[in-house]
Every structure is written in C-alpha cells, then in structure tokens.
Amino acid sequence: MPSILGHTLAGLSISAACTQGRPPRRIWVLAVACAVAPDLDWFTGLFGIQDGHSLSHRGMSHSLLAALLIAALAMLIGFRSQLRSPRHWACMLSAAFSHGLLDACTFGGTGVAFLEPFSKARFVCLWQPIFVSPIPMSGRLLDWLLFSLGTEILWIGLPACLVFIAPRAIEWFRLRGKRSEETP
Ligand SMILES: [Zn+2]
C-alpha cells in the first residue's frame, strides 16, 4: 500500500477538487477518513487470516462495494439528510475509491479485490509507479520506506498539489484581472 501519507494526500486533494475555496473541515476530514479506511483490514493479519482470503489485506475492504458502503457511512455520519448533495456523494465515493486505485498502482504488494464479494480476482494496474510501503520500518526497510515515500511524493503529492493549487491560482488571476479592469 502507499503509506497513510499517500492516502491522506489523495483524500485532501479530492476534497479540494470537490469544493470551491478552502474545503470545510468536515469535508476534508471525512474524505481523508474514506481514503484511509480500507486499510483497517491490515489488522486481520494479526488474527491469522492468510493472504488471498476475502478478509485479508486488499480484499473485501478494498472492493468497489466497500467503497460505496464507506462513502454511505461517511454521508450518514457527516451530513444531515438535507445537506447531502450529489457533490458530497461524489467527493466521498471518489475518496473511498481512490484507495483501491492507488493500491493497485503500487509495486510490490498483492492485487486489489475490486469485485469482492462477486469475484476473488485480484487486480493490479499495468503501470505501478508507487513502491509499496514496508512494515515494520527498520534497517534496510527504512531505506525502502524513504524510497517508497519519494515515489508517493512524486506520483501522489505533486498531482495533489496541482489539484489544490491550480483552481485557486486561476481564481486569483481572474480576480486580479477583474480588479485591474475596474481600476481607472
Ligand atoms: Zn490498502
């Protein structure tokens, strides 16, 4: 998996893309929670659940169905019924789905069971530019962690910055142009 940093960046950039101006705290907190939540399945390994099992890492919790359920839970917890807009739904669904997509783009981990519980097939992207985050972090694994973080900064951090900065920069230039037109 990308580290929690990578998934958090994805959640933040999606919340920024779904809102105008600064994303309200509730939106970005929920979007980050949706983007990170599927990795709670990592703890199933502590109970002896083997790789390839539906409940193992990157199994059921990383599926499209789970993304839908996670988004629905975030909407239920985070918004009163009258405040639940399609934009909020799109934000939470995108954040939850981004997790599996990023995992599928990591090199070194198992595939993602997007179609659970209907199929146990595990999927990976043909292009896997992000290196899987090592656990635990010690010795040479620490070097691997740093390398993996570097790939996350390049392939998740930079696009996230662009998503966050670009619309705000365009708005800033638009307002600046408007002001200069109004100034005699
Ligand atoms: Zn994951």
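How are α1 and α4 oriented relative to each other?

I noted at the outset that this is a predicted model, in which local features need pLDDT of at least 70, side-chain atom pairs count only at pLDDT 80 or more, and totals for chains, interfaces and linings use all residues. Residues are numbered from 1 along each chain as its sequence is written.

Entry on α1 and α4. I looked up helix α1 (residues 4-17) and helix α4 (residues 86-104), and found them packed at about 150 degrees with axes 9 Å apart; helices here are DSSP runs of H or I with at least four residues, numbered from the N terminus, and axes are lines fitted to C-alpha atoms over the stretch in contact, with angles from 0 to 180 degrees between N-to-C directions. α1 and α4 are therefore roughly antiparallel (over 145 degrees). I listed the contact (C-beta atoms, placed from the backbone, within 7 Å) as Gly6, His7, Ala10, Gly11, Ile14 and Ser15 of α1 with Cys91, Ser94, Ala95, Ser98, His99 and Leu102 of α4.

Entry on α1 and α2. I then turned to helix α2 (residues 25-36), which packs with α1 at about 140 degrees, the axes being 8 Å apart. That angle makes α1 oblique to α2 (oblique being what is left after under 35 degrees for roughly parallel, over 145 for roughly antiparallel and 65 to 115 for roughly perpendicular).

Methods. Helices (H or I, at least four residues) and strands (E, at least two) are DSSP runs, numbered from the N terminus. Two residues are in contact if their C-beta atoms, placed from the backbone, lie within 7 Å.
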